Amino acid sequence: MAFWRGFRQPARWAAMVGGAIPVLAFPAANLEWLGWVGLVPGFVLMHRAPTRREAGIRGWWFGAGYLLAAMYWLAPNIGPALLLVAVAFGFLLSAVGVAVWSLLRPPVTVRRALAALVVVPSCWLVTEWIRSWRGIGGPWSVLGASQWQHPAVLALAAVGGVWLVTFALVAANTGLLVALVARAPLTRLVGVAGALVAIGAGPVAFALTAPAPTARTLTVALVQPGVTSGPAPRLKRNEQLTARYAGRAELFVWGESSVGFNLAARPAYLASIERLSAKVGAEILVDQDAENAAGQQSKQAALISPAGVQGRYVKTRLVPFGEYIPFRSVLGWLTKISRAAPTNILPGTGAHVLHATLPDGRPLTFGVLICFESAFPDMSRVDTDHGAQVIIYQTSDSTFQHSWAPAQHAALGAIRAAETGRPVVQAALTGDSVAFDARGRLLAWVGTSFRGTVLVRLQLPPASARTVYDQLGDYVPWTAVGIAALAALAGLSRAAIARRRSGRAAAERAAELMPGHR
């Protein structure tokens with residue numbers, strides 16, 4: 001296998017280290033400027049490869065390094081499977097290595113530089129979109145998510161989703177690479193201009209688009225009890241923190257697994273939460289570890305009022321290896337050497353909204369999603385299409401307390417807010433709990449050391465408000481697929497023509513060497 005045979009080649013190890021550099025743009029390092037320049041060292045190594053094949057292999061090593069660094073915190077849970085995941089999905093970035101080498105090998109012309117500014121970002125984006133498919137994992141560490149702190153950049157997400165942000169970042173890195181490797185001043189100028197256009201696209205979009213008008217406000221209480229010794233103390237702590245804010249919030253939100261029991265089988269616990277709802281004067285969105293008649297477990301959000309459960313949502317997109325093991329018949333052995341899921345949790349049937357009644361009698365339609373589902377753009381779009389005025393995430397993240405995972409997870413809320421034009425809140429059992437406005441601007445953030453309740457006042461848009469991304473969906477990655485496919489066909493066509501010419505030339509030389517040839 002080409003990947004494993006390269007252990008003695010320093011350039012490939014350098015490519016793997018280069019893949020880790022852009023990860024520093026994500027939380028918790030938050031060196032977000034590296035998103036705009038951090039790919040360049042890896043791209044240079046791909047560009048300097050002696051052959052197209054070697055460029056692809058260096059792209060592979062780069063991709064493996066990127067994924068290993070981005071998801072290092074999964075090692076205790078899935079053990080050696082992390083390396084397998086990084087190598088398998090890192091292979092996708094071999095296409096980026098081939099594109100860089102093919103388009104920017106000397107001499108770099110203006111035409112090829114312009115093509116690289118479009119083709120290289122498209123190849124990168126296609127790889128992210130492939131590994132974002134829920135059947136093989138999900139969209140974690142998508143490069144565009146590194147820009148969560150900059151609403152001006154996130155304006156691109158409102159136009160084309162996180163995918164357009166990723167495209168701009170890779171285009172900027174490609175432009176800088178062109179400026180470094182091209183010799184002709186005009187070609188270098190094309191690279192610089194391309195980078196500047198990519199960097200400026202977000203602020204221009206932000207300036208040209210106005211937020212939706214405020215239809216109403218909503219005060220939400222996010223309850224974060226922290227690490228507790230078991231499900232009963234956890235429930236009690238959630239109730240205590242909620243009771244302290246009686247009359248101060250219109251909706252209380254608890255984190256994932258805040259109720260570590262099946263409420264259908266524990267009516268006393270349900271009655272306790274119903275009384276608490278009456279006491280605080282607002283409905284409470286809890287999350288329970290439910291179980292059906294067959295004994296299958298699921299994660300369920302439940303909206304509880306003094307009159308009982310008013311709505312439920314069952315978690316649909318499960319965490320690979322944490323809540324189910326893909327291809328368990330083949331990979332089930334991982335449970336013996338790691339903390340991978342001992343059994344598969346039962347998934348729900350898809351995103352849908354819930355309907356709350358606020359203390360003043362007004363109705364509220366909101367989307368609720370659980371944990372890992374904040375990584376999926378399509379789920380929050382579905383909720384928005386169904387009339388949600390705010391998107392609520394419930395999570396735990398207790399397994400990853402002393403890693404970058406909670407911060408990376410929380411930051412995704414900013415991306416989803418910008419994409420949908422909806423405020424986003426996340427209540428985390430053990431942190432991080434966050435809130436963002438409809439343009440992705442940070443309203444509140446409490447980390448894993450916080451214990452308590454956070455009050456957030458949100459400005460809700462009309463239910464009919466839609467961003468361009470809401471309306472058009474994933475047109476950016478589909479366009480990238482088309483561009484990458486056309487580039488691949490063009491490359492194959494040129495290679496075929498070159499082989500035919502080489503064959504004809506060889507035949508002519510052989511004919512010249514034949515006896516009797518004049």
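Trp-73, Trp-140, Phe-372 and Phe-376 are joined into a cluster by ring pairs. Rings of Phe, Tyr and Trp (its six-membered ring) pair when their centres lie within 6.5 Å; planes under 30 degrees apart are stacked, over 60 edge-to-face, and the rest tilted. This is a predicted model, with residues numbered from 1 along each chain as its sequence is written. Local features need pLDDT of at least 70, side-chain atom pairs count only at pLDDT 80 or more, totals for chains, interfaces and linings use all residues, and side-chain values use heavy atoms, leaving out hydrogens and water.

There are twelve aromatic pairs in the structure. Take Trp-13 and Trp-61: their ring centres sit 5.1 Å apart with the planes at 75 degrees, so this pair is edge-to-face. Trp-13 is partly exposed, with a relative accessible area of 36%, while Trp-61, at 0%, is buried. (Buried is under 20% relative accessible area, exposed over 50%, partly exposed in between, using a 1.4 Å probe and protein chains only.) Trp-148 and Phe-436 make another edge-to-face pair, at 6.3 Å centre to centre and 80 degrees between planes. Both Trp-148 and Phe-436 are buried.

Now for the interior. A nonpolar core is a set of buried Ala, Val, Leu, Ile, Met, Phe, Trp, Tyr and Cys residues joined through side-chain atoms within 4.5 Å. The largest one has 124 residues, and Phe-43, Val-96, Trp-124, Leu-285 and Phe-366 have the most contacts inside it. Apart from it lies another core of 20 residues, including Tyr-245 and Leu-263.
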